[in-house]
Amino acid sequence: MSIPPPVSTAQAEALAAGALPPVEEVRPGIWTIAVPFRGGVPDATLAYVIEGSDGALAVIDPGWSDGGSLDVLSDGFRTVGRRLEDVTLVAVTHLHADHLGAAAALRRRSGAPVAMHAAEVRALEHERADAEQNDRDVRTWGVPAALLDGVLAAWGTGRRIGQGTAEAPFADLLLADGDVLPIPGRTISTLWTPGHTGGHVCFVDEPDGLLFTGDHVLPRINPGVGLGGRTGTNPLRDALDSLARLDGHGHLEVCPGHEYRFRDVVSRARVLIDHRNERTRHVADALDALDRPTLFEVASRVPFSGGIESMSGFLLASALSQTAFHADLLGRAEEIRGA
């Protein structure tokens, strides 16, 4: 895959060294603070702090909170001469704990409302029911017995999509496509980009030339799809459509949720679309070669990084679910038999 060069040398160097990058001022009154994530993500979550014309602060994706701790975020605020108590809005791109995790603790600390897409709230509210349905699905995938318990734990009733960090009410302000964030003196609009999760959003700051992409587009990582709650649509189809929605935003500097800032989101999105289309062709080839296969048998013929035989738990579950999305996109889901 083509990898875009970094805008921030400091972020790229820190990523290569396995270290936290320093606090940086992206634009006047807009900073990025790196918050480490304990769950195995090989880099930090990049939280963005935005000052309004009234001096109050908004935070996009405050990152992970370990046991309610906001120490790293607080240290970053002190670096720019501010306090967590100055926050009056917490805007979240999606429900994963490395983005939403600190929102509840920050709301308690500052009193700031949490803003998130309504589909993410629904996913958190229906987490248990969705997990039980996932259990039933997993048992039809043909997963080898030695791997089944690990997949159920990672994808079914053993899974917590918010990893226990979200607190009701999950959002105080429900965002919809086109909504402008209530930050005085700023015009930052919501762009609904489902796929990674059903309610994933990006934030578009045209006046400052910035696009906050969360996990929708990252410079080096190919984000997974269908990693939120269950939806009534094919998350792969949603992701492809959402990537195409970025075509008019190629002039903006990209502020992603991980790794480093970069430019030319349109080229990067096209690389991701091409990768998805290639994977769809692999699934089609597997279905052509097999007679009434299980989902696991189809996925075994798809060239996932490292091969499916190297996977277990969440990675295996994600690979299998994405194989199902590709088969559905092809209109060939009925060719896969339940185990």
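This is a predicted model: local features need pLDDT of at least 70, side-chain atom pairs count only at pLDDT 80 or more; totals for chains, interfaces and linings use all residues.
I started with strands β2 (residues 30-35) and β3 (residues 45-51), which pair in the antiparallel sense over 6 bridges. Pairing here needs at least two bridges found by DSSP. Strands are DSSP runs (E, at least two residues), helices are runs of H or I with at least four, and both are numbered from the N terminus. In β3, I found Ile50 as the bridge partner of Ile30.

Residues are numbered from 1 along each chain as its sequence is written, and side-chain values use heavy atoms, with hydrogens and water left out.

Next I looked up the whole sheet. I found 7 strands in an open, mixed sheet, in the order β1-β2-β3-β4-β5-β6-β7. At the edges I noted β1 (24-27) and β7 (173-175), each pairing on one side only. Neighbouring strands are turned by 25° against each other on average, direction ignored.

Then came the helices. I saw helix α2 (residues 71-79) pack on the sheet, touching β2, β3, β4 (57-60) and β5 (87-91), with its direction at about 150° to that of β2. Contact means heavy atoms within 4.5 Å. Angles run from 0 to 180 degrees between N-to-C directions, with axes fitted to C-alpha atoms, for helices over the stretch in contact. Helix α5 (residues 118-125) lies across β6 (114-117) and β7, at about 90° to β6.

Last, I checked Phe37, in the loop between β2 and β3. Is Phe37 buried or exposed? Phe37 counts as buried because its relative accessibility is 13%, and buried means under 20% relative accessible area (1.4 Å probe, protein chains only).

Notes
Buried means under 20% relative accessible area, exposed over 50%, partly exposed in between (1.4 Å probe, protein chains only).
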